[in-house]
Structures are given as structure tokens and as C-alpha cells.
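This report walks through one protein model, from its sheets to its backbone details. Keep the structure open while reading.

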Amino acid sequence: MDWIHQAFASFRRYCIESENLPVDIHIIFSDIIKGAGHVDDIFPYFLRHAKSIFPHLDCMDDLKKISDLRTPANWYPSARNITRKIIFHAGPTNSGKTYHALERFLSAESGVYCGPLKLLATEVFNKANERGTPCDLVTGEERKYGINENTAAAHVACTVEMTSVNRPYKVAVIDEIQQLRDRQRGWAWTRAFLGLIAEEVHVCGEAGAVELLQKICETTNETVEVRSYKRLTELTVEDEALITLDNVQPGDCIVCFSKNDIYSVSREIEARGKEVAVIYGGLPPGTKLAQAAKFNDPDNSCKVMVATDAIGMGLNLSIRRIVFYSLTKPTMNEKGEREIDTISVSSALQIAGRAGRYRTQWEHGYVTTYKSEDLPKLRQILEQTPEPLKQAGLHPTADQIELYAYHLPNSSLSNLMDIFVNLCTVDDSLYFMCNIEDFKFLAEMIQHVPLPLRARYLFCCAPINRKMAFVCSMFLKITRQYSRNEPITFDFISKNCGWPLSLPKTILDLVHLESVFDVMDLYLWLSYRFMDLFPDASTVRIAQRELDEIIRQGVFQITRLLKNSETTTYSMRRITQAKESGVGNVGIRGRLTDRLIAQGLLTPAMLKELRKEWDAQQQIRPANEQSMNSKDLGSYDQNDSDDDNAFGRKSRRKRKK
């Protein structure tokens, strides 16, 4: 066990490095050396030391009982008290499986739709109300009403995390059920499947999930009725790769797995006189829908799309051919570490299946690769069937962590989560513990902020991309404001985000706007959980709609942004190269590289000041450039708050590690 090795190493250091050992330990060591004692006599002192650094050892039995996760089905007694009819709609993309489940949902007396994305939940919300079935929308950041805010509709469309396991329904639909294997979010699908109080539970997804759900249903005394569907349109793997972007045709979607590829491919295609629609995960929902509508419109001049795998779910797209720009993408392994790996069979089928949509101008779909060497590999991947799911995700609840905190009052939330994961007992044949690294990252960031445990837990559940430094910085500021019991107002958000914002001029500007949009999402998410101190949700929502429109216009002109960014990137490279070669003493915190642009670690205000400096440099002799003082550039971020600087230092420490 890890704790034994850690405790042994700590005790050994303690004995060797302590200048004055306690008298009782000193006597024991003396007796052993003289042969009057036995080495086993040290054990009680070792145990005392171990308990001082691992306080959970004193209450191990209680903690193990709390973290016994072997029978999660029993966490939902209301669902176990009824006999649910489980119907699995199994099939590939474009097979009509979700359509049939939704038809049952819309015709029932009451129902809930649980989707993986806000876009899908919103689409079902709109469809239901248009069909005359009043339906409410519930996502982490938004509530809309089919009737009015004082009257709950009988039907609800929600994101899967927001699924109610307390309200009874006639029919429930859980979309993309194979996501219960997801290392980060899988617990939400498991919770919905086990906890929904519904007479009929319709699940839609890959056939590979059938066997796992059948095994889970054995623990709930339920059976699974499987309805299989075949693809409605033909999909053909082409014999040749694209090779060059000169061969792009109307209806093509180039799928990239990095933002840099998105930018470069878009730039190259538009340089050839073709208009491009762009979709990637960081864009606001409204912007994604606008780009999709532009691409789908047969009368629009835009006939080509460049996208990430964000198109795999949540958007209706009229695509003739999918072109995989590469077959590798960053993934997260079981330990929470990033790896570059070949895309999975499931992901490849999901993306390739977007080509050839039923009842559109492109009913016959095609798929190929950009590089010739990738085509045989893609063909091999697409000939396979996804591996059967082995396990479903679980996650510790707030109640369980509160019980841990009762036994370990001096432990931080991050430590409580670590201890929970190490001590929990899970039925490995059915379940796994979801990755908690993002949760722990936020917990450690706000560890010094005084908060009640329940509030701290909720804050750490916030949907934040920890790679976005500006969003994390704002998260810290908001948490501190909340801890002082001071309202987080729209003025507070405006002041810290630089509202009102203008149209982006470079990609860096666009990335910053996306970060501000995410900050507003964070505000709305928190406003539904802490209403008293987040009073301006309606104002923030109006501002967010305005920002969505600004981002939308920016993305429509993405080629111009890329062109403007090239000058900025070139100048930044010059400064970086000068620093690395010893020419000048450039005092900007951290190295300025293209990666900073992609990650948005500089703000537009800082960039504006840098531009002024670069313009000034053009008017002075190169010799003067060599003597440039670090204060000239280093001062531009001196006005950053302690929150920003603290986060920046923390980020740099993590990168060095």
C-alpha cells in the first residue's frame, strides 16, 4: 500500500534528521543498539507517526464504509421501487435511432430527454414546443420554459448532468449512452441510467454498450429490449486521399484535431478562393449553429467546412465527404495524463458517419484522408466495430465527501478526494472511478479561500477548461468575492473582462473573446446554485448573446484574423529569438511563442502595448534594441491583479514539472 511506503520514508527521515528525538524513541533505539530491545519495539512509534501524517488511519473502517461503491443501483430507491421498461435503440450515426426514441418521448404524457450537449438539449426543446408539446429546457447555465416560469411543463430537455432523479416521468430518453465510459463525464450517464424514475427508459447509442447495460440491469432486476437500426444512407471509403487542398470539393468537411490545424487549413482553403465555415469546441453554441446554417444552405456561397471532432455530436450538417486531416489526437489516459494517440474506432465511425445525411442534397456519404499514408489505416479502423464497453463511470457525491470531512476535519478538499479514490471499493466488473484531476485542480486553486465545504465542492464542479488561464483567473476572483459574501455583479464581470468588447482583429483577440464567453457561462452556472450572490444572471445572459454575435462575426472573417495574426506572430518570434540568442533582455513573463497565442495567455490590452513597442523599435537603431531594458516590456502586465499573478506562477510551476 502506498501510504505504508510514504509513512516509512517519512518516519525514517524524521528519525535521521531530527536534532532532538523524543525521549521514549531515543531510549528504544538505545536499547536496540545495546541488544536489550528488539527492532519490533519501534512499531508503536512508527504507527503514531503514520497517524499524524495520515489521520484517516484512525477511522479507516468508517471511511471504507462511506466509500463502498459496489452497489450504486441502491443509491436510487425510488427508481428501484418501480419496474422500468428499458429499451436500447442501437445503431450507427444516421440510422434514425434517436428519432424513434424522441417520437415516443413527444407522444408520452410526460418525459425527459437527457443529452450530452446544450445544443442537443436545445434542439429537442425547440422541436417539442414547435410540435405543440410544451417542454422546458434545463442546462447548467440556462432555464427556458415551455409554458411559463411558474408552471413546470410535463416534458423536459436537459443536459445529462442536470437530470433529475427525484421527479417521475412516463418516458425518459438517454442519448449517446456509450458516453458512460467517458473518463471525465461517464458518471452522469451512469447516474441517469440507474436513477431515472420513468416507466420507460429509452437509451440510444452504439451497440457496443448493450452487453454492459444488460449486466448492470441484472443488479436492478430489469431487462433490456434491444432494437437495432442500420444506417439509412450509403457511406463509401474513397480509393484516394485528398493529398492537396486544391482537391477540396463542395460538401467537404476537413476534420482536424487541433486549433492550429483548423486555422492553417482554413487559411489555405480561402487562399484558393473558397469560402469556409469553421466549427470547433471552444465556439459559443450560437456561433456553431450560424456556421452550420451557412454551410447547410444550398444557396450560400460557403460550400466547405473545417472542423474538429466537435461535429461528431450535436449538429445537423449536410456533409458530402469527411476528410480526416490526420488520424491522431490528444487524449487523456486513465491517470489523467495527456497522450497523442490514433483516434478510436468509436470516434472514427462517429465522425465518418456524419457524411451523407438522410433527406439532404448529399445522401451518399464519402470519407477519405488528407495524407495518402493514412488512408489504409483509416480503412482498417472503419472496418472494425467498436469494442464492447467494459465499465461505467462513478464519481463521489457531495454527501460522501461531507462525511469524509466530518472524520477528517483538517484535510483539504483535494486531499479528501485523493483519500476517497484510494479507499473506495468499486465493482471492477461493471464500474470505474472517473478521473478527478480537473476537480482537484480547481480545489487546489481555491484551497486558501475560506468557504463552507458544500460550497467549495460545488465551485469545484464548475465546468471549466483548466487550459484557459483567463477563465481560471476569473474563477479565482469570483470565488474570493463570494467568500467575502460580496455580490458578484455584472459590473464586477465587466470590469474584469473589459466589457464592452469589440470585434476581434486577430486570432488572439478571438481566443480572448471565447474565454470571456466561458467566464459568462461560469457566472450563469454559479447563479443557479448561489442565487443570492449572483444577482445579475439576466444581464449577463443578454451580454453573452451580444458577445456570441461578436464572436460569430469574427469567425465569419477568420481569414482576415489569421492574416492580421501573421504579423503579430512574426514579431513575437523575433523577440523570442532575440531573447534566446542573448540579444537584449526581454523581460516578458514566460517565453512568447505561438503557443501563447493558441492558449490565449496574453490579453488584447497587453498585445496593444506590445505593438506600440514594436513600432517604436522600427524607428531606432539595432544597437539600441540590444540594450533594451527588461522594464520596457516587462511593465505591461504590472497592473495585473494578485489573482492573475498567483495563477500565472502556479501554471508555470506545473509546466516546469
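This is a predicted model: local features need pLDDT of at least 70, side-chain atom pairs count only at pLDDT 80 or more; totals for chains, interfaces and linings use all residues.

Strand 11 (residues 252–255) pairs with strand 14 (residues 321–324) in the parallel sense, over 4 bridges. There, cysteine 253 stands opposite isoleucine 322. Strand 11 also pairs with strand 13, again in the parallel sense, over 3 bridges. In that pairing isoleucine 254 faces valine 306 of strand 13. Strand 12 (residues 276–279) runs parallel to strand 13 (residues 304–307), joined by 4 bridges. Alanine 277 has methionine 305 in strand 13 as its bridge partner.

Which residues of strand 11 point each way? Asp252 and Ile254 point one way, Cys253 and Val255 the other, and all are buried.

Strand 12 has both faces covered as well. Val276 and Val278 lie on one side, Ala277 and Ile279 on the other, and all are buried.

A second open sheet has 8 strands in the order 5-4-6-3-7-8-2-9, with mixed pairing. Its edges are strand 5 (143–144) and strand 9 (224–228). Each edge strand has a single partner, so one side of each lacks a neighbour in the sheet. Strand 2 (residues 85–90) and strand 8 (residues 197–205) pair in the parallel sense over 6 bridges. Histidine 89 stands opposite cysteine 204 in strand 8.

Helices lie across this sheet. Helix 6 (residues 97–107) lies across strand 2, strand 3 (111–115), strand 4 (135–138), strand 6 (155–159), strand 7 (168–174) and strand 8. Its direction is about 160° to strand 8. Helix 9 (residues 210–220) lies across strand 2, strand 8 and strand 9. The angle of helix 9 to strand 9 is about 165°.

## A helix crossing

How do the axes of helix 14 (residues 398–407) and helix 15 (residues 413–423) cross, and at what angle? They come within 10 Å and cross at roughly 105°. That makes helix 14 roughly perpendicular to helix 15.

On the helix 14 side, the contact uses Gln400, Ile401, Tyr404 and Ala405. Helix 15 contributes Leu413, Leu416, Met417, Ile419, Phe420 and Leu423. By class, this contact has 9 nonpolar residues, 1 polar residue and no charged ones.

A disulfide is a covalent bond between the sulfur atoms of two cysteines. How many disulfides does the structure hold? The count is 0.

Cysteine 114 shows why for one pair: its sulfur is 4.2 Å from the closest cysteine sulfur, in cysteine 158, too far for a bond. A disulfide here requires sulfur atoms within 2.5 Å. Cysteine 114 is buried, with a relative accessible area of 0%. Cysteine 497 is also buried, at 5% relative accessible area.

## Backbone exceptions

Most residues other than glycine have a negative phi, and most peptide bonds are trans. Asparagine 221 has a positive phi, near 60°. This residue sits in the loop between helix 9 and strand 9. Asparagine 221 is exposed, with a relative accessible area of 73%. Asparagine 485 has a positive phi of about 60° although it is not a glycine. Its place is the loop between helix 18 (469–483) and helix 19. At 58% relative accessibility, asparagine 485 counts as exposed.

A cis peptide bond joins tryptophan 499 and proline 500, with omega about 0°. Proline 500 lies in the loop between helix 19 (490–497) and helix 20 (507–527).

## Whole-chain figures

The protein chain comes to 27 helices and 20 strands. Of its 657 residues, 51% count as buried. Among contacts with a separation of 6 or more, 73% come from residues 24 or more positions apart.

Notes: Residues are numbered from 1 along each chain as its sequence is written. Side-chain values use heavy atoms; hydrogens and water are left out. Axes are lines fitted to C-alpha atoms, for helices over the stretch in contact, and angles run from 0 to 180 degrees between N-to-C directions. Helices (H or I, at least four residues) and strands (E, at least two) are DSSP runs, numbered from the N terminus. Angles under 35 degrees count as roughly parallel, over 145 as roughly antiparallel, 65 to 115 as roughly perpendicular and the rest as oblique. Contact means heavy atoms within 4.5 Å. Ala, Val, Leu, Ile, Met, Phe, Trp, Tyr, Cys and Pro count as nonpolar, Asp, Glu, Lys and Arg as charged, and the others, Gly among them, as polar. Two strands pair if DSSP finds at least two bridges between them. Buried means under 20% relative accessible area, exposed over 50%, partly exposed in between (1.4 Å probe, protein chains only).
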